[in-house]
Amino acid sequence: MKPIRHHVEGASLAVYEEGEGMPFVFQHGLCGDQVQPGQVFPAAAGFRRITVECRGHGASDAGPKAAFSIATFADDIAHYLAVEGSGRAVVGGISMGAAIALRLAVRRPELVRALVIARPAWICAASPENMAPNRIAGELLDRHPPQEARRQYEALPLAEDLKRDAPDNLASIRGFFTREPIDVTAALLRAISMDGPDVTAAEVSAIAVPTLVIGHGRDFVHPLGHARSIAAMIPGARLVEITPKVDDADAYRADFRAALSAFLKEL
């Protein structure tokens, strides 16, 4: 799949589209790319998946590192939707993508027809404790060569806790130490881990579009409690708990697609 190039101030972004029908903007997580939402998108649902790879991710330019923020990433997507001109879209995402989608639902409600929040790492507050594992990896990469940064990370009690309780999180973090360009990876991990969607509980509670929230257990970075809290805040939101990825990756993807498909068919 070849990307469309979309130009914003300071960067050229890669935009991927697949399928036909109503637009569904489906965003990836921190240091991910369009493959992540593509793996769980139900292609037969009659929707056109749009994924805008955020600055510093996938085939998109990094641009100035000072622009790495959930607000900037959300603004970039809003700009693309305005230029593309297809009207209101279903907007959703995984992890960081969920925070971007939540911000768009609050700040740009005229763009959002329905909302999908999957494996949220944030509720409202910036720099939540559950993002510390990613932030620490970024700080170590900022101070040390990648091999030494990983060695120091693996020696932390935190790494042992993740290995025991959330091994899928640890596997993702280990991948950060070889993700190029290293300086961009370090900057993303530090900036986004300390950021947040910059919305209030009152604003989230005022969201008035159909909403699906997806979460699962055995995940420190994306606590199931966050998914439950957001679902309780948004009137009428549907919460679906799926198989943890670490228990069975195939079942995780199948459950995710089934939850999305059922939700989208009702729109």
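Colleague: How are helix 6 and helix 7 oriented to each other?
Modeller: In this predicted model, local features need pLDDT of at least 70, side-chain atom pairs count only at pLDDT 80 or more, and totals for chains, interfaces and linings use all residues. Residues are numbered from 1 along each chain as its sequence is written, and side-chain values use heavy atoms, without hydrogens and water. Helix 6 (residues 157–165) and helix 7 (residues 167–176) pack at about 130 degrees, their axes 6 Å apart. Angles under 35 degrees count as roughly parallel, over 145 as roughly antiparallel, 65 to 115 as roughly perpendicular and the rest as oblique, so the two helices are oblique.

Colleague: Which residues of helix 7 meet helix 6?
Modeller: Contact means heavy atoms within 4.5 Å. The residues of this contact divide into five nonpolar, one polar and three charged. From helix 6 come A159, L162, K163, R164 and D165, and they meet P167, N169, L170 and I173.

Colleague: How many residues of strand 4 are buried?
Modeller: Buried means under 20% relative accessible area, with a 1.4 Å probe and protein chains only. F47, R49 and T51 are buried on one side of strand 4, and R48, I50 and V52 on the other. For strand 4 (residues 47–52) the count is six of six.

Colleague: Which strand pairs with strand 4 in the parallel sense?
Modeller: Pairing requires at least two DSSP bridges between two strands. Strand 2 (residues 11–18) runs antiparallel to strand 4, with four bridges, and E18 stands opposite R49. P23 stands opposite R48. The parallel partner, over four bridges, is strand 3 (residues 22–27).

Notes: Axes fitted to C-alpha atoms, helices over the stretch in contact; angles between N-to-C directions. Nonpolar A, V, L, I, M, F, W, Y, C, P; charged D, E, K, R; others polar. Buried < 20%, exposed > 50% of the residue type's maximum accessible area, 1.4 Å probe, protein only.
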